[in-house]
Amino acid sequence: MSEPKRIVIVGAGLAGASAAAALRDNGYDGEIAVLGAEAHRPYELPPLSKRVLLGQSDEPDWVRDADFYPGHDIDLRLGTSATRVELGARVVQDARGGRHSYDRLLLATGSQPRTLPVRGVDLPGVYSLRTLDDALALRSAFAGSPRVVVVGTGWIGTEAAAAARLQGAEVTMVDVLPGPLWVLGPEISEVFAGLHTEHGVQWRLGSGITELTGGPGGVAGVRLADGSELPADVVLVAVGAVPRVDLAHAAGLELADEGGIAVDASLRTSAPDVYAAGDIAAQWHPRYGRRVRVEHWANAKNQGAHVALNLAGGQEQYTRSPYFFTDQYDLGCEYRGLADPSRDELVVRGDLGKREFTAFWLRDGRVQAAMNVNMWDDGDALQALVDGEARVTPEQLRDSDLATLT
């Protein structure tokens with residue numbers, strides 16, 4: 001593949017900005033245009049539900065300094081939403097009427113928060129958490145020790161609940177699932193449930209929501225399926241995210257049954273010279289032999305840097321294992337790999353009760369994923385075990401030097 005003269009990137013989040021920066025870092029000297037709907041320059045999302053929400057900083061981690069983009073001849077168009085992709089003409093149209101021709105195109109439009117299909121979700125005092133402005137607004141709402149109801153007990157919901165409690169708010173978490181972070185299985189869910197309970201979080205689990213009550217002055221409560229109502233001054237809706245694929249769908253790109261845009265192992269879409277990366281990319285993953293779509297920070301960063309090689313003419317497959325981390329109260333953890341707790345065997349090294357352990361998930365005797373909780377010495381060994389899908393016994397994982405198993 002020859003090197004293109006002009007590359008257009010739709011999406012100025014972590015994946016898109018990482019791709020633009022990597023293109024320049026790798027020596028690409030053609031034209032680069034990046035279209036981003038937000039007014040802020042590209043930034044990373046993890047600090048929003050951690051450092052920013054806790055009041056430790058007013059800023060996220062910026063992908064690059066403000067002068068990087070003009071200094072490297074990257075045409076960063078902030079506040080510019082793409083509205084149409086014309087595959088035949090190789091043109092992206094924006095909401096201002098601008099037309100951006102491309103030789104190669106990267107779609108990195110990310111995700112948007114999922115909404116609740118109930119009355120009252122548009123009341124003042126009801127929040128989602130996806131952008132820097134969302135985080136600053138929610139942090140302000142936490143001031144004064146309000147009654148906070150967090151709907152959804154996934155990563156965003158649990159991190160936001162921790163931030164609210166540490167700032168003195170009363171917090172109740174609501175979910176139809178039986179425990180927080182249920183995606184990790186019941187044993188690990190119980191660890192996080194105990195952590196939050198010790199810090200004063202109340203629970204209404206296994207319960208759906210029928211309505212958010214209140215009036216022009218703001219939200220007043222959350223009505224549950226059993227008819228009871230939780231008083232609330234602030235409601236955070238954290239029930240997951242959906243990939244922004246409207247642009248791709250309208251253009252006629254192939255979408256995946258798993259959600260997102262179908263891409264091959266090199267992150268190429270069904271259209272010539274069009275690629276996708278980050279939250280929207282449902283990639284055929286060589287390691288797993290199936291499509292994988294990952295919404296975490298590391299995937300956006302690493303796929304963005306990787307796809308830059310292919311935008312410039314390469315055909316390299318993306319083979320990295322998923323990775324994410326969380327910090328809640330005094331608990332920190334990292335997760336590597338891709339497990340299915342409903343079918344994989346859980347092996348624990350350490351002490352669940354003390355919240356100092358490493359969890360492994362085995363399938364047919366091979367390591368699928370590893371999660372270290374408040375234990376930080378074995379990161380390289382864990383990565384090697386996951387990447388190599390090491391064949392080990394539960395006894396080895398519990399008792400052996402992990403470095404000897406890789």
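**A loop residue in close-up**

Analyst: With a relative accessibility of 13%, Arg355 counts as buried (buried is under 20% relative accessible area, exposed is over 50%, and partly exposed is in between, using a 1.4 Å probe and protein chains only). Before going on, keep in mind that this is a predicted model, where local features need pLDDT of at least 70 and side-chain atom pairs count only at pLDDT 80 or more, while totals for chains, interfaces and linings use all residues. Residues are numbered from 1 along each chain as its sequence is written, and side-chain values use heavy atoms, with hydrogens and water left out.

Arg355 belongs to the loop between strand E24 (345-351) and E25. Strands (E, at least two residues) and helices (H or I, at least four) are DSSP runs, numbered from the N terminus. The backbone here is worth a look: phi of Arg355 is positive, about 60°, although the residue is not a glycine. Most residues other than glycine have a negative phi.

Move along to Glu356, and you are in strand E25 (residues 356-363). Glu356 is partly exposed, at a relative accessible area of 43%. If we skip its neighbours within four places in sequence, Glu356 is in contact (heavy atoms within 4.5 Å) with Gly350, Asp351, Val373, Asn374 and Met375. Take Met375: 19 residues separate it from Glu356 in sequence, yet the two C-alpha atoms are 6.1 Å apart.

Asp73 is in the loop between helix H2 (68-71) and strand E3 (74-78). Its phi is positive too, near 55°, and Asp73 is not a glycine. Here, though, the residue counts as exposed, at 59% relative accessibility. Ser207 is in the loop between strand E12 (202-205) and strand E13 (209-215), and with a relative accessible area of 11% it is buried. Leaving out residues up to four places away in sequence, Ser207 touches Val174, Asp175, Val176, Leu224 and Ala225.

Now a helix, H4 (residues 155-166). Its 12 residues should span 16 Å at 1.5 Å a residue, and the end C-alpha atoms are 17 Å apart, which agrees; the expected span is 1.5 Å times one less than the number of residues. Nine of the 12 residues of H4 are buried, so this helix is largely enclosed by the rest of the structure. Among those buried are Trp155, Thr158 and Glu159. After H4 comes Gly168, with a positive phi near 95°.

Stepping back, the chain has nine helices and 26 strands. Its radius of gyration is 22 Å, close to the 22 Å that the globule rule gives for 406 residues, so the chain is as compact as a globular protein of that length. That radius is taken over C-alpha atoms, and the rule is 2.2 Å times the number of residues to the power 0.38. The C-alpha trace spans about 60 × 60 × 40 Å along its principal axes, and 52% of the 406 residues count as buried. Of the contacts between residues at least 6 apart in sequence, 61% join residues at least 24 apart.
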